[in-house]
Amino acid sequence: MRRVEIFDTTLRDGEQSAGVNLHLPEKLEIARALVAYGVDTIEAGFPASSPEDFRSVQAIAREVRGVRVAALARSLPADIDAAYEALREAEEPRIHVFIATSPIHMEYKLRLSPDAVVERAVASVLHAKRYVSDVEWSAEDATRSDWDFLVRIVSAVIAAGATVVNLPDTVGYVQPEEYAAMFRYIMERVPGAERVKFSTHCHDDLGLAVANSLAAVRAGATQVEGTINGIGERAGNAALEEIGVALHVRRDFYGVETGLNLRETVRVSKLVSRLTGFPVPPNKAVVGANAFAHESGIHQDGVLKHAATYEIMSPELVGLSSNRLVLGKHSGRHAFREKLAELGLSVTEAEFEELFRAFKELTGKKKTITDDDILALAFDMAHDGERLEIASLQCSFGSHVIPTATVSLRVPGEAPRLESATGKGIVEAVYNAIERLVGGPIELLDYRLQSTSEGPDALGEVFVKVRWHGLVSTGRGVDSDVVLASAKAYVDALNRILIREKTLGDRANTLNEAGVEVAALAPSSDARAGDAEGTGTRAEDSPASGPA
Ligand SMILES: CC(=O)SCCNC(=O)CCNC(=O)[C@H](O)C(C)(C)COP(=O)(O)OP(=O)(O)OC[C@H]1O[C@@H](n2cnc3c(N)ncnc32)[C@H](O)[C@@H]1OP(=O)(O)O
Ligand SMILES: CC(C)C(=O)C(=O)O
């Protein structure tokens with residue numbers, strides 16, 4: 001198979017993304033990850049552009065081994081001198097010189113005639129050749145250049161010693177067939193074309209960067225340039241992870257191979273996303289969070305029967321441990337049954353149908369259905385009414401009173417329990433009272449309050465995350481009164497923990513973050529009577545012990 005080299009320019013063109021500024025330690029970390037990913041060349045920067053870029057290229061050239069390191073330079077002696085200085089200690093240095101060849105760039109930007117551009121291009125290659133044997137030459141804006149002019153200038157730079165000829169689609173303008181035709185046209189007419197590598201470098205202004213790169217490979221290009229996650233100037237560059245996987249999955253079509261270690265794909269993508277602060281969209285090909293997630297019933301059924309029905313590559317190929325079946329409103333019975341089995345819930349056929357109906361109904365109210373939601377549905381079905389519930393709530397708070405809450409809690413199989421407590425705020429007072437009622441300690445890990453809609457009749461919606469009995473759970477409460485919504489959310493989270501303990505039994509311990517043994521609901525206690533925030537009040541009718 002023909003070998004296609006991968007030229008990564010995440011640290012040069014990728015860093016040209018508006019809003020990205022990578023510091024040296026971050027660049028070194030990315031460079032090392034790129035070596036593990038198996039790229040052939042890392043374009044480490046543009047040394048003449050700033051002392052910081054110079055130092056980064058120098059450090060990568062000095063410290064990163066097992067890869068070719070390239071540095072960019074304009075067709076100016078000083079730029080080329082700086083590139084060489086920075087690359088001096090590289091194992092395999094490459095100087096990358098460029099000049100624009102399109103009429104618009106030559107006339108308005110460079111203010112040079114085509115003859116002068118050819119002269120500068122040749123002089124820059126000759127200058128770089130004094131330092132290194134490996135010189136890449138790029139025709140900036142090649143795709144808006146005259147093809148015969150490209151034949152002329154490419155012939156001249158090859159004669160001057162260029163080892164790689166890059167024909168970039170600098171402004172993301174070209175179409176796949178057109179780009180392929182351009183490569184063929186030039187490669188067929190340039191003397192010595194067989195001695196050099198032809199390279200593609202595409203931008204994504206029309207969303208075609210990857211398609212154009214692949215079209216050039218079909219036409220004979222032997223080097224592909226791009227960036228991880230497709231970051232780069234304007235709409236970005238061609239996404240290397242997509243190209244790498246496309247060339248592998250469709251090797252029957254392209255007949256080429258790369259040196260990429262595809263199992264590093266997700267790892268390097270995540271690293272670049274984290275260090276650049278550019279999130280990867282969930283629907284992004286290959287590395288998006290949903291790239292191997294299936295939500296609709298027909299797809300989930302197919303994947304459960306044979307993954308290849310809806311997956312053209314395995315998640316393991318790119319370094320993921322498995323695909324994901326996401327339960328949502330489009331899911332069907334096969335996936336739901338699989339989830340129940342995964343959660344260790346065994347139900348009769350009639351119960352299954354009832355649960356499935358309840359699940360479908362829930363998808364109309366909630367965007368994401370979690371394992372806890374399924375457990376709660378199963379528990380509700382099996383133990384109708386066996387839940388903690390706020391029976392009543394009385395609050396006293398204001399600008400000059402200590403916030404105090406009295407909560408009456410319905411506990412399965414008992415008379416309601418009653419407790420009062422104070423807090424720094426009224427919600428804390430409510431939570432302290434509930435903690436006394438069920439037996440703490442309960443740790444509040446997160447609390448969020450939002451409105452369900454706009455306008456005066458909007459409801460307060462509270463989300464909490466708590467740790468109790470060593471288990472962590474979220475809870476949700478909705479009410480026109482935000483304090484009551486807060487109480488409901490807290491109790492909902494506690495119910496979910498109780499459900500997990502009851503439904504999963506021993507398996508709950510595998511979910512037990514703290515490794516603490518799961519306890520039964522503790523008796524209502526005055527254990528915190530001396531607590532600075534507690535009133536110590538204990539209702540007379542509180543039972544001595546709670547349900548097992
Ligand atoms: C398509 C690409 O991605 S090319 C790489 C683009 N990357 C960058 O530009 C990032 C780094 N750039 C920089 O830090 C700065 O632009 C520098 C340091 C390189 C130059 O800064 P300045 O000297 O202030 O020039 P400025 O950026 O304003 O203008 C660019 C100059 O380079 C010239 N130029 C552009 N390309 C080339 C080239 N390939 N060869 C020679 N000269 C060039 C322009 O004509 C212009 O020259 P002028 O000042 O005589 O009109
Ligand atoms: C310098 C060249 C390779 C470039 O980045 C472009 O044309 O987009």
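Q: Which elements of the protein chain have the lowest and the highest mean pLDDT?

A: Keep in mind that this is a predicted model, and that pLDDT is the predictor's confidence in each residue. Among the elements of the protein chain, the lowest mean, 78, belongs to helix α15 (residues 371–382). At the other end sits strand β6 (residues 135–140), with 99.

Q: And what about the protein chain as a whole, what is its mean pLDDT?

A: The mean is 89, with 91% of the residues at 70 or more. For the model scores, you get ipTM 0.98 and pTM 0.79.

Q: Where does pLDDT stay under 50?

A: Look at residues 508–548. The model has 78 contacts beyond four places in sequence for that stretch.

Q: How is the protein chain divided into domains?

A: There are three pieces to find: domain 1 covers 2–276, domain 2 covers 297–382 and domain 3 covers 389–512. UniProt, in an unreviewed entry, lists residues 4–266 as "domain: Pyruvate carboxyltransferase". In the model, that span is 44% helix and 19% strand, and its end C-alpha atoms lie 21 Å apart.

Q: How many residues of domain 2 and domain 3 are in contact?

A: On the domain 2 side 7 residues take part, and they are in contact with 8 residues of domain 3. Sorted by class, the side of domain 2 that touches domain 3 has 5 nonpolar residues, 1 polar and 1 charged. As for the centres of the two domains, taken over C-alpha atoms, 29 Å separate them.

Q: Now the sheet with β13, β14 and β15: is its pairing parallel or antiparallel?

A: The general idea is that strands of a sheet pair through backbone hydrogen bonds, and both arrangements exist. Here you have an open sheet of 3 strands in the order β13-β14-β15, and the pairing is antiparallel. Its edge strands are β13 (389–398) and β15 (417–422), each pairing on one side only. On average, neighbouring strands of this sheet are turned by 15° against each other, if you ignore direction.

Q: How many bridges join β13 to β14?

A: Count 8 of them between β13 and strand β14 (residues 401–410), which run antiparallel.

Q: Which helix lies across β13, β14 and β15?

A: That's helix α16 (residues 426–438). To picture how it is set on the strands, compare its direction with β14: helix α16 runs at about 40° to that strand.

Key
Residues are numbered from 1 along each chain as its sequence is written. Chains are lettered from A and ligands numbered from 1 in the order in which they are written. This is a predicted model: local features need pLDDT of at least 70, side-chain atom pairs count only at pLDDT 80 or more; totals for chains, interfaces and linings use all residues. pLDDT is the predictor's confidence in each residue, from 0 to 100. Helices (H or I, at least four residues) and strands (E, at least two) are DSSP runs, numbered from the N terminus. Two residues are in contact if their C-beta atoms, placed from the backbone, lie within 7 Å. Two strands pair if DSSP finds at least two bridges between them. Axes are lines fitted to C-alpha atoms, for helices over the stretch in contact, and angles run from 0 to 180 degrees between N-to-C directions. Domain bounds come from an automatic or database domain assignment. Ala, Val, Leu, Ile, Met, Phe, Trp, Tyr, Cys and Pro count as nonpolar, Asp, Glu, Lys and Arg as charged, and the others, Gly among them, as polar. UniProt positions are given in the numbering used here, feature names are shortened, and annotations may be inferred rather than shown by experiment.
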